[in-house]
Amino acid sequence: MPEKIKILFYNQAMDRPAMKQLISKLVGYLGVTSVAHILDHLKTIGFHYATQSGISLGIDDLLTAPSKSWLIQDAENQALISDIHNRYGSIHAVEKLRQLIETWYITSEYLKQEMNPNFRITDPLNPVHLMSFSGARGSTSQVHQLVGMRGLMTDPQGQIIDLPIQNNLREGLSLTEYIISCYGARKGVVDTAVRTSDAGYLTRRLVEVVQHAVIRQRDCQTLKGIHFKNTNKKINVYNLSSVRLIGRVLADHIYINNRCIAKRNQDISTKLATQLLNSKQQSFFIRSPLTCKNRHWICQLCYGWSLNHGDLVQIGEAVE
């Protein structure tokens with residue numbers, strides 16, 4: 001155990017993904033009970049230094065990327081070329097609109113990517129940078145609207161308006177830009193109100209359907225499973241294939257170069273998932289609740305890990 005804990009020494013700025021990775025490792029090494037105490041201390045330290053730092057947001061903290069002006073100029077030139085082609089009949093109006101949307105979307109995305117390096121170079125301790133890029137509060141898209149550009153908006157019918165909002169909220173919007181952006185803002189408020197009730201009702205119906213799904217036994221002895229295809233792409237902890245594989249249980253032995261590296265009914269850890277996905281094997285046979293023998297409940301091995309504590313789900317736990 002001391003050797004394992006020694007690996008967990010970090011000397012770096014910890015953002016949200018790094019904290020998630022650290023906590024998941026701690027849960028694997030120390031268990032849920034010990035990690036609960038560690039997180040409690042971490043919370044205390046966080047509140048202490050957050051109070052001491054006194055981070056606040058001012059208008060001078062909103063730094064626009066210097067590359068914005070020439071990026072917008074370049075996008076306007078491309079839009080002008082598309083307009084000229086449309087006038088001469090080289091391209092259809094629909095194609096012109098598609099090119100225009102694509103041009104401004106690429107410009108907006110490129111400007112979004114420029115924000116983080118700009119903050120790091122000019123002011124690494126900028127409150128906006130600290131809050132958003134650490135994952136504490138706000139998202140990249142919100143910061144993009146503050147210091148980048150608002151970009152393309154939709155009309156009440158859901159169609160994209162071909163007049164992009166080039167200014168950001170720091171620079172201020174013109175009257176036309178403000179009216180264009182009002183469409184999306186009002187639609188967002190209405191959609192949120194409507195979706196809340198729909199989501200609640202949907203959740204209720206789903207729970208009613210699957211409320212009988214409870215873990216009742218260790219192993220149903222099934223020989224069935226599902227095939228998981230290996231895409232052989234570059235693997236990391238946040239890769240979609242890796243995330244889908246971690247916590248599942250193997251339905252068959254895995255052999256690589258005539259050597260058994262994993263046995264049937266073995267749960268797949270992060271290390272094993274990386275090893276499997278980096279191998280040349282095309283697919284793996286894993287157990288699934290869909291192929292569980294039990295008709296009215298699910299067994300532990302078919303369900304796999306409970307992601308709350310990174311271990312096999314407990315018998316008696318409701319898994320709807």
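**Briefing: loops, helices and core of a predicted model**

Glutamine 221 sits in the loop that links β1 (215–217) and β2 (226–229). Strands here are DSSP runs of E with at least two residues, helices are runs of H or I with at least four, and both are numbered from the N terminus. This is a predicted model, in which local features need pLDDT of at least 70 and side-chain atom pairs count only at pLDDT 80 or more, while totals for chains, interfaces and linings use all residues. Residues are numbered from 1 along each chain as its sequence is written, and side-chain values use heavy atoms, with hydrogens and water left out.

**Domains**

- The protein chain divides into domain 1 (16–53), domain 2 (63–187) and domain 3 (214–318). These bounds come from an automatic or database domain assignment.
- The centres of domain 2 and domain 3, taken over C-alpha atoms, are 43 Å apart.

**Positive phi**

- Most residues other than glycine have a negative phi.
- Glutamine 221 has a positive phi, near 65°. Its relative accessible area of 52% makes glutamine 221 exposed. The classes are buried (under 20% relative accessible area), exposed (over 50%) and partly exposed (in between), with a 1.4 Å probe and protein chains only.
- Asparagine 265 also has a positive phi, near 70°. This residue lies in the loop between β4 and α10. Asparagine 265 is partly exposed, at 25% relative accessibility.

**Lysine 263**

- Lysine 263 is placed in the loop between β4 and α10. It is exposed, at 54% relative accessibility.
- Its contacts, not counting residues up to four places away in sequence, are Leu250, Asp252 and His253. Contact means heavy atoms within 4.5 Å.

**Nonpolar core**

- The largest nonpolar core has 18 residues, and Leu245, Ile254, Ile268, Leu276 and Phe284 touch the most other members. Such a core is a set of buried Ala, Val, Leu, Ile, Met, Phe, Trp, Tyr and Cys residues joined through side-chain atoms within 4.5 Å.
- At least two core residues come from each of β4 (259–262), α10 (270–278) and β5 (283–286). The largest share, 4 residues, is from α10.
- Phenylalanine 284 is in contact with Ile226, His227, Phe228, Asn230, Leu245, Ile254, Leu276, Leu277 and Ser279, leaving aside neighbours within four places in sequence.

**Helix pair α2 and α3**

- The axes of α2 (residues 16–30) and α3 (residues 32–53) come within 7 Å and cross at roughly 145°. Axes are lines fitted to C-alpha atoms, for helices over the stretch in contact, and angles run from 0 to 180 degrees between N-to-C directions.
- Helix α2 contributes Met19, Ile23, Leu26, Val27 and Leu30 to the contact, and helix α3 contributes Val32, Ser34, Val35, Ile38, Leu39 and Leu42.
- By class, this contact of α2 with α3 has 10 nonpolar, 1 polar and no charged residues. Nonpolar covers Ala, Val, Leu, Ile, Met, Phe, Trp, Tyr, Cys and Pro; charged covers Asp, Glu, Lys and Arg; the others, Gly among them, are polar.

**Two buried serines**

- Serine 67 lies in the loop between α3 and α4 (68–87). It is buried, with a relative accessible area of 8%. Beyond neighbours within four places in sequence, serine 67 is in contact with Leu111 and Glu114.
- Serine 108 belongs to helix α5 (residues 93–122). It counts as buried at 11% relative accessibility. Serine 108 touches His144 and Met149, not counting residues up to four places away in sequence.
- The C-alpha atoms of serine 108 and arginine 150 are separated by 8.0 Å, and the two are 42 residues apart along the chain.
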